[in-house]
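Here is a short note for a colleague opening this entry for the first time. Please keep the structure in view while reading the points.

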Amino acid sequence: MGYQEIKPETKPAKKAYVSLMLWFVGRAIQAAAKTDDQVKKEFEGLPDRFTFSLGVMPQGPYMIVGKDKNGAVKYMGSNPHAQKVDLQMNIKNLEAAILLFTFQEGTAMASCRDRLILSGEVPDALAVVRILDIVEIYLLPEIVAKLAVKRYPKWWSPVSKNVVRGKIYIRTLLGI
Amino acid sequence: MFLPDYYEYCCRVKIVAGHNALENIPDLLADLNAKKPMFITDKGVAGAGLIEIVTEAVKGVDTSVIEDDVPPDSDLRVVNRLAGIYKDNGCDSIVAIGGGSVMDTAKGVNIIVSEDAEDLMKFSGAGALTRPLRPLIVLPTTAGTGSEVTLVAVIADKEKNIKMAFTSYFLLPNVAVLDSRMTLTLPPFITAPTAMDALTHAVEAYTCLAKNPISDAHAGIAISLIANNIINVVKNPSDQNGRLALANGATMAGAAFSNSMVGMVHSIGHSVGAVCHVPHGVCMAILLPYGLEYNLHRSGHLTAELLLPLAGAEVYAATPPEQRADKAIEVIRTMNQDLYDATSGRHARFFSEIKDRDGKQMVPEDKLPAIAKTALGDGSLLYNPEDMDYDDMMVVIKAAWDGVPLDRSLIKRG
């Protein structure tokens, strides 16, 4: 007697949304590393040619960001198998990724709820979490960013924050 | 009652606790189909006469293989040597008698002998072990670390100057035997910080972000057991009931924190240990009130709830709800002062008063920036209720160095 093959449920809309977010955040990190001093400093503290990936298990999507041979921070695409990755941050499944990328849950809370699997050095992972937090603060309106990060920096100057935000958006869209 | 949207909890260690719990070891070994255990311990435990107590209690069990060569920090070379002795003698199980280092060493030996491995490094990290190991029974001789119920082992490779961490549910011992005789000889100045270490596990498990109802239940009872007995035991080290209560408290705190993790007290404490080599329990005792103060605006409602197990029903009821969190912090500070008095000043209350055996200050003020920087890379920071940057770290560490309460106006709120 033959059995019907069980195929995993596909969620193309959710997958496409997460892919888009990863692409945008990846390029925004590259932009923030050129425009924000804190992000610049965090990357300076990471090893030479350091790369990290953030993605969804089991089959993606992913984004890879790292420092090139000159120390410049680059968005390195979406294929984690095409290059060496020092730190892998994998979200256990697509639903968990949706919680993260719809900002219902911050990175720290996702870790607390066992939704993230880290492979690499812990101090590097914490630096990446700090970078992601800063980038989210720039990309999102305050009311949404407050959900995504543990502490919203009310003490930042609104003028300089908005100037940097503008620069990051332009650089992200242009990929520079 | 806080119920998270999602949580995971696992503690599959059988606990056998009592004044004569050791006498059950032959049955426990038989249940595990183990006939020839290897006993692993350290010279301090052996010197205190604890091995004689164990061998006397387990009459009928083959006790021909007893190794007491474990150093204060578990070491890869020792793990390899002990694994060789295990194989040469045809052992089929391990009984570990000691503190965190002995238990970590036993877990490392168990990986090598169970996997027939040449290179322990292959099993470092999380998830590298895929099947159950040989039977492991642990007998903690300090009431503090909770290693008897944790799934982690840390082993140093001194040749390469690295520490390897191993994480797997297969590293959980099969049985933890808590017997009051095992901690009876622990001197008061060590009993105090080890019990404060356990108290910190329970308090951080209850107040940090990964808390869940099961770890909360363990943490609450652990705090009550420790708070009700710590001063009495330090003043009367031969109090067997008090010793057993502390041992149970430490194990319950271990089960709580290994499932809900810990926060900034551990982040800074690990860093002080790494930079200045201060014993872990001493760091925990000093930092615990500061951690609660720093997080007060985030988790003050949880700290307030802890006043009940910390100080009892009368104090809790007599304290207005809005003052309970501050009162809980005050109770912990008073506990540190009482332990300082009971140990004739050997229990340090703040970092600047910690001295080594030669009377030299162990945490010089110029090391504080290095401590702050290292703490920013500690994984437990993720679980802390409030975020911390370098400046926040310095505010907390400086206050804990001076021994003054935290200036709450300096805490940045989002």
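1. Start at B:Met261. This residue is buried, with 23 other C-beta atoms within 10 Å, against a cut-off of 20 or more. B:Met261 is found in the loop between α8 and α9 of chain B. Its phi is positive, about 65 degrees, although the residue is not a glycine. Most residues other than glycine have a negative phi, and most peptide bonds are trans. Bear in mind that this is a predicted model.

2. Helix α8 of chain B covers residues 240–260. Is α8(B) enclosed or open? Of its 21 residues, 19 are buried, so the helix is largely enclosed by the rest of the structure.

3. The buried residues of α9(B) include B:Met264, B:His266, B:Gly269 and B:Val272. Which helices do the buried residues of α9(B) pack against? They are α6 (188–207), α10 (280–294), α15 (368–375) and α16 (390–402) of chain B. Just after α9(B), B:His277 takes a positive phi of about 60 degrees.

4. Look next at B:Lys211. It sits in the loop between α6 and α7 (213–235) of chain B. Is B:Lys211 buried or exposed? B:Lys211 has 25 other C-beta atoms within 10 Å; the cut-off is 20 or more, so the residue counts as buried. Leaving aside neighbours within four places in sequence, B:Lys211 is in contact with B:Phe2, B:Ala205, B:Tyr206, B:Asp216 and B:Ser260. B:Lys211 and B:Phe257 are 46 residues apart in sequence, with their C-alpha atoms 8.7 Å apart in space.

5. B:Asp116 is exposed, with 8 other C-beta atoms within 10 Å. B:Met261, by contrast, is buried.

6. Step back to chain B as a whole. It has 16 helices and 9 strands. The radius of gyration of chain B is 21 Å, close to the 22 Å that the globule rule gives for 414 residues, so the chain is as compact as a globular protein of that length. The C-alpha trace of chain B spans about 65 × 50 × 45 Å along its principal axes. Of its 414 residues, 54% count as buried. Take the contacts in chain B between residues at least 6 apart in sequence: 78% join residues at least 24 apart.

7. Chain B is divided into domain 1 (14–182) and domain 2 (188–410). The C-alpha centres of these two domains of chain B lie 28 Å apart. How many residues are in contact between them? Domain 1 of chain B gives 17 residues and domain 2 of chain B gives 20. On the domain 1 side, β1 (14–18) and β9 (175–179) of chain B are the elements that give two or more residues. That side divides into 8 nonpolar, 8 polar and 1 charged.

8. Then the two chains. Their contact takes 16 residues from chain B and 16 residues from chain A. The chain B side divides into 9 nonpolar, 3 polar and 4 charged.

9. Chain A has two peptide bonds to inspect. A cis bond joins A:Met57 and A:Pro58, with omega about 5 degrees. A cis bond also joins A:Gly60 and A:Pro61, with omega about 10 degrees. A:Pro58 lies in the loop between β1 (51–56) and β2 of chain A. A:Pro61 is placed in the loop between β1 and β2 of chain A.

10. Last, confidence. The mean pLDDT of chain A is 92, and 99% of its residues reach 70 or more. Where in chain A is confidence lowest, and where highest? It is lowest in helix α4 (residues 107–112) of chain A, at a mean of 88, and highest in strand β2 (residues 62–67) of chain A, at 97.

Conventions
Residues are numbered from 1 along each chain as its sequence is written. Chains are lettered from A and ligands numbered from 1 in the order in which they are written. This is a predicted model: local features need pLDDT of at least 70, side-chain atom pairs count only at pLDDT 80 or more; totals for chains, interfaces and linings use all residues. Helices (H or I, at least four residues) and strands (E, at least two) are DSSP runs, numbered from the N terminus. The expected span of a helix is 1.5 Å times one less than its number of residues. A residue is buried if 20 or more other C-beta atoms lie within 10 Å of its own, exposed if 12 or fewer, and partly exposed in between; C-beta atoms are placed from the backbone. Domain bounds come from an automatic or database domain assignment. Two residues are in contact if their C-beta atoms, placed from the backbone, lie within 7 Å. Ala, Val, Leu, Ile, Met, Phe, Trp, Tyr, Cys and Pro count as nonpolar, Asp, Glu, Lys and Arg as charged, and the others, Gly among them, as polar. pLDDT is the predictor's confidence in each residue, from 0 to 100. The radius of gyration is taken over C-alpha atoms; the globule rule is 2.2 Å times the number of residues to the power 0.38.
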